[in-house]
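Trainee: Could you walk me through the aromatic side chains in this one?
Mentor: Gladly, let us look at the model together.
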Amino acid sequence: MKIAIVGSRKMSFYGKTVIDQLLTKNFELGNNNLEIATLKVTGCNNEVVRMCQKLKLKIKVFEGKNFQKLNEQIANYADVLIVIEGGKKSGTLLLAQRFIEKGKEVWAVPGKITDENSWTSNWLIAQGARPLIEMEMLQ
């Protein structure tokens, strides 16, 4: 399975912890058929790359400056999208829209309603994205 994992450029400690636990848990479960995809931007996405390299997980990093094109490429490539966190103006909303248009699953990590960086995930859940509340839910 190919899973796209994206999040805020302003990664919080919570976002880092979720990424680390999510990838470590899947590594420990021996999920060898898992391939991670992300976009090359700062914040959460860099942490995804770092952890995949540390755990020697398969990863595909999409790079470029045209985010509309990158969103289309990653939505075509991955089977599932996981949104870790993002503010109200987060580009992850546009990526989630691409996945939904293609009939693909969108998961979002719930966060505190008082945390600006949790707005995108919470909004996506309110719109029908699956809440990722346990790491084992992806099995």
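Mentor: Trp123 has a relative accessible area of 36%, so Trp123 is partly exposed (buried is under 20%, exposed over 50%, partly exposed in between, with a 1.4 Å probe and protein chains only). This is a predicted model, in which local features need pLDDT of at least 70 and side-chain atom pairs count only at pLDDT 80 or more, while totals for chains, interfaces and linings use all residues. Residues are numbered from 1 along each chain as its sequence is written, and side-chain values use heavy atoms, leaving out hydrogens and water.
Trainee: And Trp119, how does it pair with Trp123?
Mentor: Their ring centres are 5.9 Å apart and their planes are at 15°, so the pair is stacked; rings of Phe, Tyr and Trp (its six-membered ring) pair if their centres lie within 6.5 Å, with planes under 30 degrees apart counted as stacked, over 60 as edge-to-face and the rest as tilted. Trp119 itself, at 29% relative accessibility, is partly exposed.
Trainee: How many aromatic pairs are there?
Mentor: There are two. In the pair of Phe62 and Tyr77, the centres are 5.5 Å apart and the planes at 70°, so this one is edge-to-face.
Trainee: Is Phe62 buried or exposed?
Mentor: Phe62 counts as buried, with 8% relative accessibility.
Trainee: Changing topic, which charged ends sit over the rings of Tyr77 and Phe62?
Mentor: That of Lys2 sits over the ring of Tyr77, 4.3 Å from its centre, and that of Lys60 over the ring of Phe62, 5.2 Å from its centre; the criterion is NZ of Lys or CZ of Arg within 6 Å of the ring centre and within 35 degrees of the ring normal.
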